[in-house]
Amino acid sequence: MQELNRQACLVTGASGTLGIAVCERLLSQGSTVIALFHRNEQPLRALLERAGSLPGSLIVLSCDLTCMQDTTRLLSACSDKGLVIASVVCCAANLLRKSALLSSQVDQERLFSLNFDSVTRLLRQLIRPMLQRRSGRVVVIGSRAGEIGMPGQSLYAASKAALHVYARSLAFEVGEHGITVNVVAPGAMAGPLTHYSEAEASEVCRHIGLRRLGQPSEVASVVAFLLGADASYINGAVIAVDGGGRF
């Protein structure tokens, strides 16, 4: 782990399946990555061991994104390290598979607290310095469920839909200041946290044009592109990475 006076990319939910893939992709491109986790540190410890062979630098920090005091502490720690957060990738989210009528108010509050409220709170804190610098990149991990809805995932889909519309609105507000805000909306993904049984995965793939689940690395590639100079005129987009899924 290195402390460097350089621009960095903050990745929330970095210990999750998509977060790890995003961090590894950015590290392979030579980025300084600030990887946030809350409870599940082990995947990032494993990434730290691999990071020595990659050109980028990895800084791992703990943060409860649902707590304003914790995010304020985090940003102060980054400032103390001489790090300028030039970009952010918001991966942190919880999934709830539960029908609308069986979902409770507690379910809703817990889901929106992380999936939506924590993102808007963090971006309010991060974008103000970007406005002063007149540059910045924001990528939010949404979901195809947030575009089309998903039976059995009503609250999850609603939390992602709110995030999509927020990001697209924010993109218009801050675009004139050199800041882009985009959403990457994955479809059905492979990986240990997708919760698909073998039978479910087979059925899901019948509704995907490519007839397979997506790989986290394929989402990470799109995220890395949106953070780069070649995506300078992409703003307010919701980009599906779903293999042509039609559910």
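# A parallel sheet and its surroundings

User: Which strands does helix α8 lie across?

Analyst: In this predicted model, helix α8 (residues 216-227) lies across β1, β4 (84-90), β5, β6 and β7. Its direction runs at about 155° to β5.

User: What is the strand order in the sheet?

Analyst: The order is β3-β2-β1-β4-β5-β6-β7, an open sheet of 7 strands with parallel pairing. The edge strands are β3 and β7 (238-241), each of which pairs on one side only. On average, neighbouring strands of this sheet are turned by 25° against each other, direction ignored.

User: Where does α6 pack?

Analyst: Helix α6 packs on the sheet and touches β5 (136-141), β6 and β7. The direction of α6 makes about 160° with that of β6.

User: And how many bridges link β6 and β7?

Analyst: Strand β6 (residues 179-186) pairs with β7 in the parallel sense over 4 bridges. Val183 has Val238 in β7 as its bridge partner.

User: Staying with α6: is His164 buried or exposed?

Analyst: His164, which sits in helix α6 (residues 154-174), is buried, with a relative accessibility of 2%.

User: What does His164 touch?

Analyst: Not counting residues up to four places away in sequence, His164 touches Gly142, Ser143, Gly146, Glu147, Val183, Ala185 and Val238.

User: Let us move to β2. How many of its residues are buried?

Analyst: Strand β2 (residues 32-37) is mostly covered, with 6 of its 6 residues buried. Thr32, Ile34 and Leu36 point one way, while Val33, Ala35 and Phe37 point the other way.

User: What pairs with β2, and in which sense?

Analyst: Strand β1 (residues 7-12) pairs with β2 in the parallel sense over 3 bridges, and Cys9 stands opposite Val33 there. Strand β3 (residues 57-62) also runs parallel to β2, joined by 6 bridges. In that pairing, Ala35 stands opposite Val60.

User: Which helices connect these strands?

Analyst: From β2 the chain crosses through helix α2 (residues 42-51) to β3, and this β-α-β crossover is right-handed. Helix α1 (residues 17-28) makes a right-handed β-α-β unit with β1 and β2.

User: Back to Ile34. Which residues is it in contact with?

Analyst: Leaving aside neighbours within four places in sequence, Ile34 is in contact with Ala8, Cys9, Leu10, Val11, Ile59, Leu61, Cys78, Leu83 and Ile85.

User: Which residues have the most contacts inside the largest nonpolar core?

Analyst: Leu10 and Ile34 have the most contacts inside that core, which has 34 residues. Helix α4 (residues 105-133) gives the largest share of this core, 8 residues. Another core, of 32 residues, lies apart from it, and Ile20, Leu26, Val60 and Val89 are among its members.

User: Changing topic to charges: how many salt bridges are there?

Analyst: The count comes to 8 salt bridges. Side chains of opposite charge can pair when their charged atoms come close.

User: Which residue does Arg73 pair with, and where do the two lie?

Analyst: Arg73 forms a salt bridge with Asp70, at 2.9 Å from N to O. Both residues lie in helix α3 (residues 68-80), 3 residues apart, which is about one turn of the helix.

User: What does Lys98 bridge to?

Analyst: Lys98 forms a salt bridge with Asp107, with the closest N and O atoms 2.8 Å apart. Lys98 is partly exposed, at 29% relative accessible area, whereas Asp107 is buried, at 14%.

User: And Arg45: what is its partner, and how accessible are the two residues?

Analyst: The partner of Arg45 is Glu41, with the closest N and O atoms 3.3 Å apart. Arg45 is partly exposed, with a relative accessible area of 45%. Glu41 also counts as partly exposed, at 27% relative accessibility.

Terms used
Residues numbered from 1 in each chain as written. Predicted model: local features only at pLDDT ≥ 70, side-chain atom pairs only at ≥ 80, totals over all residues. Heavy atoms only, no water. Salt bridge = Lys/Arg side-chain N within 4 Å of Asp/Glu carboxyl O. Buried < 20%, exposed > 50% of the residue type's maximum accessible area, 1.4 Å probe, protein only. Contact = heavy atoms within 4.5 Å. Core = buried A, V, L, I, M, F, W, Y, C linked by side-chain atoms within 4.5 Å. Pairing = 2+ DSSP bridges. Right-handed = clockwise from strand over helix to strand, strands pointing away. Axes fitted to C-alpha atoms, helices over the stretch in contact; angles between N-to-C directions.
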